[in-house]
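Please have the viewer open.

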Amino acid sequence: MEPRFNITYIILGGYVELQRYRYMYFLIMLTAYLLIICFNTSIVCLIIVHKNLHEPMYAFIAALLFNSILFSTNIYPKLFIDFLSERQIISYQACLFQIFAFYSLSGSEFLLLAAMSYDRYVSICKPLQYPTIMTKTAVSVLVVLAWLIPACQVSVSVILSSNRTLCTYTLKGIFCNNAIHNLYCVNSVTLSVYGVVVLLNVGIFPVLFIIFTYTRIMAIVFQSCGEVRRKAAHTCLPHLLVLLNYSVLITYDVVIVKLESDVPKSARLLMTLQIIIYNPLCNPLIYGLKMEAISKHLKRLFCQTKWN
């Protein structure tokens, strides 16, 4: 799309039969967004309010769920506008910001899961040292770094891309992601290499660290009594489920750019919707149902609401 008033607009061309299903899309996504906000906010507030949940593990869970709220808010409001608009466009500057938020928050999710795996490792494998290692200061530093490191690394790529020349203006997606690199006139080898470095730092290395820590946990747990095994499985399983879900979806986002022309438009839209719905919606359900302490408070909350 031609620049207008010194603003370059990009067409979001990933929608399927939007003219026919715009109101259905709007209602489904609005419902999903309201549920995401409601579920995640409820558990975050429970963790803040109840003192028995003021522990490192629950602090990381609260940070992870708050991250899901930010992740969804970066995407959903623009979707609502596009569903009800005649043209699905976004300014180039807004597109770059959406890319920055999408990938920095995605990286934060992996780093927060890595911090949670370290917390479980210390708790189970070094229980006597746990209070001195996982202090409030240590937890705060880990949470801040989990948001700061991806933001700094992704921002470099976004800033370097801001002055690149676009040759085409139609993005095969419903929001801005790595597919924007297919719109540039010239591929940048430097940015491609830097992108791989960022992927390693905020994606691959945290996942390998998580696998290593849980392998160590399992090795020690299998040598312990049945009660220790039950407790370890009860606290570690939700983290592993969240990691598996998110890894699969983010892998799709990375791979889809390379296979863009080979993926049907409807299949691409379906997978993209799963990325922005599945994990933010399932995270609070997994932690709310699997974490016993959170589950108890949720039951009390619903019982009080019912009786009132």
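## About the model

This is a predicted model, in which local features need pLDDT of at least 70 and side-chain atom pairs count only at pLDDT 80 or more, while totals for chains, interfaces and linings use all residues. Residues are numbered from 1 along each chain as its sequence is written, and side-chain values use heavy atoms, with hydrogens and water left out.

## L166 in its loop

L166 sits in the loop that links α5 (136–161) to β3 (170–171); helices (H or I, at least four residues) and strands (E, at least two) are DSSP runs, numbered from the N terminus. With a relative accessible area of 10%, L166 is buried (under 20%, 1.4 Å probe, protein chains only).

Beyond four places in sequence, L166 is in contact (heavy atoms within 4.5 Å) with T8, I10, Y92, L183, Y184 and C185. Y184 lies 18 residues from L166 in sequence, yet their C-alpha atoms are 4.4 Å apart.

## The core

The largest nonpolar core has 90 residues; such a core is a set of buried Ala, Val, Leu, Ile, Met, Phe, Trp, Tyr and Cys residues joined through side-chain atoms within 4.5 Å. Helix α3 (residues 92–125) gives the most to this core, with 18 residues.

I10 and I180 are among the residues with the most contacts inside the core. I180 touches I10, Y92 and L171, among others.

## The sheet

Three strands form an open sheet of mixed pairing, in the order β2-β1-β3. Strands β1 (residues 9–12) and β3 pair in parallel over 2 bridges (pairing takes at least two DSSP bridges), and L12 has L171 as its bridge partner in β3.

Conventions: Buried < 20%, exposed > 50% of the residue type's maximum accessible area, 1.4 Å probe, protein only.
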